[in-house]
Amino acid sequence: MLYRELGSTSEKVSILGFGAMRLPVLDGQYDKIDFERTKELLHHAVDCGVNYVDTAHPYHNGESEKVLGELLKDGYREKVHLATKLPSWKIQKREDMDFYLEEQMERLQTDHIDFYLLHSLKKDYWENLKSLGVLEFLDHAVADGRIKYTGFSFHDEIDLFFEIVDSYKWDVCQVQYNIADENYQAGIDGIRYASSQGIGVIVMEPLRGGSLVNGIPSEVQELWNEAPVKRSPAEWALRFLWDKNEINTVLSGMNTVEQLEENLKIAEAGVPESLTQDERDIIREVRRVYHQRMKVLCTECGYCMPCPEGVNIPGNFKHFNSAHIYNDVENARMNYYGLLNEKERASNCTQCGECEWTCPQMIDIKGTLKEVSKTLEK
Ligand SMILES: NC(=O)c1ccc[n+]([C@@H]2O[C@H](COP(=O)([O-])OP(=O)(O)OC[C@H]3O[C@@H](n4cnc5c(N)ncnc54)[C@H](OP(=O)(O)O)[C@@H]3O)[C@@H](O)[C@H]2O)c1
């Protein structure tokens with residue numbers, strides 16, 4: 001395993017981090033984590049040198065933190081940097097911050113959190129947290145040892161990113177960045193700026209939640225096939241990230257041992273500045289093709305769920321995107337009717353809008369569901 005220094009923290013983190021948002025589950029139920037498979041994955045990852053583990057209060061409806069707490073017993077806790085996040089959207093008063101931090105330490109069965117991030121910062125959460133004294137809370141929690149390092153994860157426009165970076169002595173930031181999203185949200189300019197300020201850069205959703213490796217458009221696959229070096233799409237996507245010196249670790253949401261093994265192998269070559277100019281050009285061309293084809297920039301993070309009416313929002317967007325990516329409405333419609341039950345389909349949306357304020361991608365969910373219904377429903 002290769003390691004990089006995380007900003008100015010002087011901690012050496014594995015370039016492959018373990019994301020605990022998409023753990024293996026039982027019966028397809030998000031809050032029923034498959035304990036044994038997760039144990040196998042996490043312990044194998046740590047045994048192979050992965051030393052950064054990322055979770056958050058809402059992952060698997062709270063079960064991710066609890067399961068990690070169990071699985072990091074017996075010596076594993078000491079081998080990893082454990083990161084979790086303050087659920088920004090739940091904070092209504094200063095005391096809530098201490099309440100959640102205490103609850104999270106209890107769930108994770110630890111007396112301190114190594115990296116505590118303000119989760120999913122967007123303008124309104126940031127303004128609210130600031131006004132409630134979050135920076136003073138962070139100072140206190142560091143001073144009394146409950147938190148070792150501070151940070152934030154981010155899902156808004158770049159100007160806000162700069163503002164937040166300049167507002168506090170952050171240790172790390174967590175941003176969405178991948179071959180398709182170079183100038184999206186914080187983007188490469190945000191990454192370079194944070195790094196220049198000594199802030200460690202952690203990348204999330206490196207495979208766009210799996211959409212850069214599953215159901216690849218034929219034009220993209222052709223580009224990969226024509227490349228002089230043969231690499232899997234996951235390898236191209238991860239090598240693209242590790243090619244950048246400013247990125248310190250990449251969180252992957254692996255949910256099988258095969259995926260873990262592949263990513264561990266790819267990480268062996270994850271050296272900064274190791275891609276040739278020709279290889280970078282191929283990636284640029286792939287990005288261009290994706291941008292032309294993708295209709296909704298949904299990463300299936302599931303923050304919009306559950307919908308009070310039972311609409312499967314990410315599922316709807318997946319079929320809608322497929323219709324555009326493959327230019328095949330009939331096939332997408334077949335899958336839409338075959339894979340989503342009546343309640344889950346777009347036409348069941350009542351336009352209440354509860355989903356929209358939690359979407360990190362700021363998708364116009366109500367409007368897009370109307371379009372989905374128009375395109376895919378007969
Ligand atoms: N702070 C935030 O706001 C925020 C938001 C999102 C994520 N995160 C963090 O970032 C982590 C990573 O994000 P993510 O889960 O979206 O990661 P991701 O790596 O972009 O997507 C994970 C999916 O990629 C596929 N995959 C991974 N390795 C593969 C391989 N070698 N070959 C083929 N497919 C592979 C799997 O898809 P299949 O399941 O379809 O096989 C997996 O479910 C999360 O776990 C979480 O810790 C944070």
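Modeller: Happy to. Let's begin with cavities: on a 1 Å grid over the protein atoms alone, a cavity is a set of points where a 1.4 Å probe fits but cannot get out, while a pocket is an open set with protein on both sides within 12 Å along at least five of seven lines; lining residues have an atom within 4 Å of a point. Grid points are joined across faces, edges and corners, and a volume is the space filled by probe spheres set on the points. Note that this is a predicted model, where local features need pLDDT of at least 70, side-chain atom pairs count only at pLDDT 80 or more, and totals for chains, interfaces and linings use all residues. Residues are numbered from 1 along each chain as its sequence is written, and side-chain values use heavy atoms, with hydrogens and water left out.

Colleague: How many cavities of 30 Å³ or more does a search of the whole structure find?

Modeller: Two. The second largest cavity has a volume of about 70 Å³, and its lining includes Cys307, Cys349, Cys352 and Cys355. The largest cavity comes to about 90 Å³; among its 15 lining residues, Cys298, Cys301, Cys304, Cys359 and Ile363 lie nearest its centre.

Colleague: How do the linings divide by class?

Modeller: Ala, Val, Leu, Ile, Met, Phe, Trp, Tyr, Cys and Pro count as nonpolar, Asp, Glu, Lys and Arg as charged, and the others, Gly among them, as polar. The largest cavity has 11 nonpolar, three polar and one charged residue in its lining. For the second largest cavity the lining has eight nonpolar, two polar and two charged.

Colleague: And which residues lie nearest the centre of the second largest pocket?

Modeller: Glu182, Arg192, Phe240, Lys244 and Arg280, out of 13 lining residues. That pocket has a volume of about 230 Å³, and its lining holds nine charged residues, three nonpolar and one polar. Helices (H or I, at least four residues) and strands (E, at least two) are DSSP runs, numbered from the N terminus. With that naming, α11 gives the most to this lining, with four residues.

Colleague: Now the ligand. Which residues come nearest?

Modeller: A residue is near a molecule if one of its heavy atoms lies within 4 Å of it. Of the 29 residues around the ligand, Arg22, Asp54, Leu207, Gln259 and Asn263 come nearest. The shell has 13 polar, 10 nonpolar and six charged residues, and α10 supplies its largest share, three residues.

Colleague: What should I look for in polar contacts there?

Modeller: Pairs of N or O atoms within 3.5 Å; within protein, one must be able to donate a hydrogen and the other to accept it, and residues adjacent in sequence count only if both atoms are side-chain atoms. Here a polar side-chain atom of Gln259 lies 2.7 Å from an oxygen atom of the ligand. On the backbone side, an N or O atom of Glu205 is 3.2 Å from a ligand oxygen, and a polar atom of Pro206 is 3.3 Å from one. By the Shrake-Rupley method with a 1.4 Å probe, where for residues only the protein chains shown count as cover, the ligand taken alone exposes 900 Å², and the protein buries 90% of that.
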